[in-house]
Amino acid sequence: MAVTDTRPQDPAPPRARAPRLWRSTLSGSRAAAPLISFGFVLAIWATAGALQIVPETIFPAPWSVWSATVEMWRNGTLQTDLAVSLGRAAIGFAIGATLGVTLGLMTGRIAVVRTLLNPFLNLLRPIPAIALVPVAIVWFGIGEGSKYFVVSYTVFLTVWFNTHHGMEYVPETYLRAARSLGASKLREFLTVVIPAAAPHIFAGIRLGVALAFLSLVAAELSGASSGLGFRLQEARQYIRTDRMFSLLIILGILGATVDLIVHRIGQKLVHWEQG
Amino acid sequence: MSDMMTGRVRIEDLVIRFKGKQGETTALERTALELEPGTFTALIGPSGCGKSTLMNAIGGFVAPSEGRITLDGAPITGPSAEVGVIFQQYALFPWFSALGNVRFGLKQFGLPKSEEVDRARAALAEVGLSDHADKFPQQLSGGMKQRVAIARTFAFGPKVLLMDEPFGALDAQTRLVMHDLLLDVWQKHRATVLFVTHDVDEALLLADDVRVMSQAPGRLIRHYALSQSRPRSFNSANSDLLEIRQEILHQLRPTSALADVH
């Protein structure tokens, strides 16, 4: 935070400073905090690797994982897999989120649609995405279609559920205010109901992003010929634990980065929903 | 002036019941009431007596179980911009700035953007918030939020203005400021005001007519017509006001309070 206050400020009493300094060093500033945690875990991992407590094929050392990553990068599979997987996740997510928001707005607003669909959709929600993979393969083959289906289906249900609930919790006073301010139904919907539900919708979208990766890898693990999930499966066949670790870490970084971006965008768009 | 002629609210044989888990409960006993155009009526009564219910019925949020409510002869069938509402919890839209909130109420006129903005700015200036037009509600204090709400409602010129304990969430000091401000704005716009409160002093300082409601199920039990000039205060020069205050406080004191404890 940039505080541009030029007025002289009382210096804190020196005695109070020492413990505060110590505490802030340990917990780190906000940006550095994750790095400290990663460094800590990496140090333990490296020590365990150097001491060779566990065989490399079971739990490879950090440097083996690094060289496996470089290897996959050099032979070009990593770039292709990343592009393929990200593309599938993005397309699946876009389809699922669009349908989810649209239908959520409808079930939240239109009683007939709600009566017809809600019980059924709620029944679908507990079915794990991975259980859909065999069906998706039968329907769409092992090409892109089945991946899009599994991802968009998973994303859809989560986004729908959150959107629907966001619509249910639109405070009554907002609606009353809107009506007594002479708003038409359409304007009320567009400028009151949707913004009021927006924090929930965004929570759903953020969950949807996480689930997109989850279900994508589930879909790629069986019946695919490219993608990060497929590469994981392939690494298993050759017992390349180092590659597996590399791919898992990449999936983790990818998911966390995308989540952060979505979170930031959400904060910008629903700026009033802070703290 | 034709302005002064509109805004007559007539409540005829109104009864409001709610269906609850334990069958029907009467929220409002048979009530008749007429609000003269351009007058300021305070409605006072113990909590849960049905004063908010009466207000919600005039606002069109609650349908009458019996009887009817008319505005200038036409039955009120739902919320409309003829009846403005100011809520205790402000009900400002947090995704709009103060200006955006005021503009929301002006959209119904389909004005050119510049005119809409000008009118909204003028409304905010009237409540002393010119410098805060671009702030969002969450950046404003409680008193400022309620000023935005007042500006938002007066800006589109409703015939009737309902206020449900609008200053209930504010501290005593801010309340006094808001009283002056409200009277000021009201005297300019002259809507028919129904002001629900449980604060006797507030009612006596603001209103032309003070209506007292009984405990639930609510009935209107007393009417005081006040002609004292505003701004009013409680001092020896206003001994009649002090007398009325004593009387109302006495009426509101729950005689069955001890019985209720058991």
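Guide: Helices (H or I, at least four residues) and strands (E, at least two) are DSSP runs, numbered from the N terminus. Keep in mind that this is a predicted model: local features need pLDDT of at least 70, side-chain atom pairs count only at pLDDT 80 or more, and totals for chains, interfaces and linings use all residues. Residues are numbered from 1 along each chain as its sequence is written, while chains are lettered from A and ligands numbered from 1 in the order in which they are written.

Visitor: What's the phi of A:Gln52?

Guide: Near 50°, a positive value in a residue other than glycine. Most residues other than glycine have a negative phi.

Visitor: Is A:Gln52 buried or exposed?

Guide: A:Gln52 is exposed, because 9 other C-beta atoms lie within 10 Å. The cut-offs are 20 or more other C-beta atoms within 10 Å for buried, 12 or fewer for exposed, and partly exposed in between, with C-beta atoms placed from the backbone.

Visitor: Where else is phi positive in a residue other than glycine?

Guide: At B:Glu165, with phi near 40°. B:Glu165 is in the loop between strand S7 (160–164) and helix H5 (172–189) of chain B, and is buried, with 20 other C-beta atoms within 10 Å.

Visitor: And which peptide bond is cis?

Guide: The one from B:Arg230 to B:Pro231, with omega near -5°. B:Pro231 belongs to the loop between strand S10 (220–225) and helix H7 (239–252) of chain B.

Visitor: OK, confidence. What's the mean pLDDT of chain A?

Guide: It's 88, and 89% of the residues of chain A reach 70 or more; pLDDT is the predictor's confidence in each residue, from 0 to 100. A contact here means two C-beta atoms, placed from the backbone, within 7 Å. Where pLDDT is low, the predicted coordinates should not be read in detail.

Visitor: How many residues does each chain put into the contact between A and B?

Guide: Chain B gives 22 residues and chain A gives 12. On the chain B side, strand S6 (83–86) and helix H2 (98–106) each supply at least two, and S6(B) has the largest share, 3 residues.

Visitor: What about H2(B), how does it cross H3?

Guide: The axes of H2(B) and helix H3 (residues 113–126) of chain B come within 9 Å and cross at roughly 115°. Those axes are lines fitted to C-alpha atoms over the stretch in contact, with angles from 0 to 180 degrees between N-to-C directions. Among the residues that meet there are B:Leu99 and B:Val102 in H2(B), and B:Ala120 and B:Leu124 in H3(B).

Visitor: Zooming out, how many helices and strands are in chain B?

Guide: There are 8 helices and 10 strands. The C-alpha trace of chain B spans about 60 × 45 × 40 Å along its principal axes, and 41% of its 262 residues count as buried.

Visitor: Which residues does B:Ala207 contact?

Guide: Leaving aside neighbours within four places in sequence, B:Ala207 is in contact with B:Phe40, B:Thr41, B:Ala42, B:Phe195 and B:Leu226. B:Ala207 counts as buried, with 24 C-beta neighbours inside 10 Å.
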